[in-house]
Amino acid sequence: MQTPDLYTGTPMGKAILEALAQMNDSIAEQIANAQPGSYSAYIFGGAALHIHTNARGSADIDVELSAGRYLDLSDILVFYTDENGQSQALVLDANFNGGISGLLSENYQEDAIPIWGDDTSPLKAYVVSALDLAVHKLDRLAENDENDIKSLAAKGRFTPDELATHAYQALEYAIGDRNRLKGNIEYMLRVLRADGF
């Protein structure tokens with residue numbers, strides 16, 4: 001399945017979809033009679049950024065998997081050739097947990113965009129929305145996170161006002177130092193507005 005405004009047709013985008021197909025096959029092998037749609041995967045990180053912007057790549061796919069039991073997904077690995085003719089490898093990080101590792105809207109699953117799965121597959125995969133990805137990156141806000149948020153804004157995925165609204169809503173449910181998180185939000189909004197977004 002390909003959504004027109006997402007970059008799933010690039011070499012890395014295709015590799016991400018291939019990894020999801022392998023993940024689906026692995027679920028089917030490990031769980032006898034796995035029901036269609038019984039597992040959901042939510043993509044974050046550099047892989048999600050690539051899908052939204054075609055910006056920087058990643059060597060792994062940060063995937064939050066909703067599963068009722070343990071799954072061994074350690075063998076999922078996709079080799080592909082990037083736009084520059086370089087060989088790349090993409091692995092799955094199924095230990096990722098978006099709720100633990102960053103500021104996040106309580107509705108991120110409902111707002112996520114479907115990118116893989118059909119009516120017969122046990123796995124349905126989604127990329128988190130551009131706003132949820134940006135808000136998630138506001139927690140750490142390292143230099144690459146700041147650049148990632150700028151890339152999302154440059155693609156017109158949201159305005160600074162939309163980011164502010166979404167981030168402050170997420171802040172209501174945040175765990176940790178809210179003053180630090182509020183400072184990160186305010187800093188990023190100043191940067192985006194100064195850059196003319």
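Predicted model: local features only at pLDDT ≥ 70, side-chain atom pairs only at ≥ 80, totals over all residues.
## Basis

Residues are numbered from 1 along each chain as its sequence is written. Local features need pLDDT of at least 70 and side-chain atom pairs 80 or more, while totals for chains, interfaces and linings use all residues, and side-chain values use heavy atoms, without hydrogens or water.

## Helix 1

Helix 1 (a DSSP run of H or I, at least four residues) spans residues 11-30. Its 20 residues reach 29 Å from first to last C-alpha, close to the expected 28 Å (1.5 Å times one less than the number of residues). Its buried residues (under 20% relative accessible area, 1.4 Å probe, protein chains only) include Met12, Ile16, Leu20 and Ile27.

Glu18 also lies in helix 1. Glu18 is partly exposed at 38% (partly exposed is between buried and exposed, the latter over 50%).

## Salt bridges

The whole structure holds 8 salt bridges (a Lys or Arg side-chain nitrogen within 4 Å of an Asp or Glu carboxyl oxygen). One joins Asp5 and Arg157 at 3.7 Å, N to O. Asp5 precedes helix 1 and Arg157 sits in the loop between helices 5 and 6, so the pair ties together parts 152 residues apart in sequence. Asp5 is partly exposed at 47%, and Arg157 is partly exposed at 23%.

Asp139 pairs with Arg180 at 2.7 Å. Asp139 lies in the loop between helices 4 and 5 and Arg180 in helix 7, so this bridge links parts 41 residues apart in sequence. Asp139 is buried at 18%; Arg180 is partly exposed at 37%.

Arg140 and Asp145 form a salt bridge at 2.7 Å. Shared partners join Lys137, Arg140, Asp145 and Asp148 into one network. Arg140 is exposed at 57%, whereas Asp145 is buried at 2%.

Notes
Helix = DSSP H or I, 4+ residues; strand = E, 2+ residues; numbered from the N terminus.
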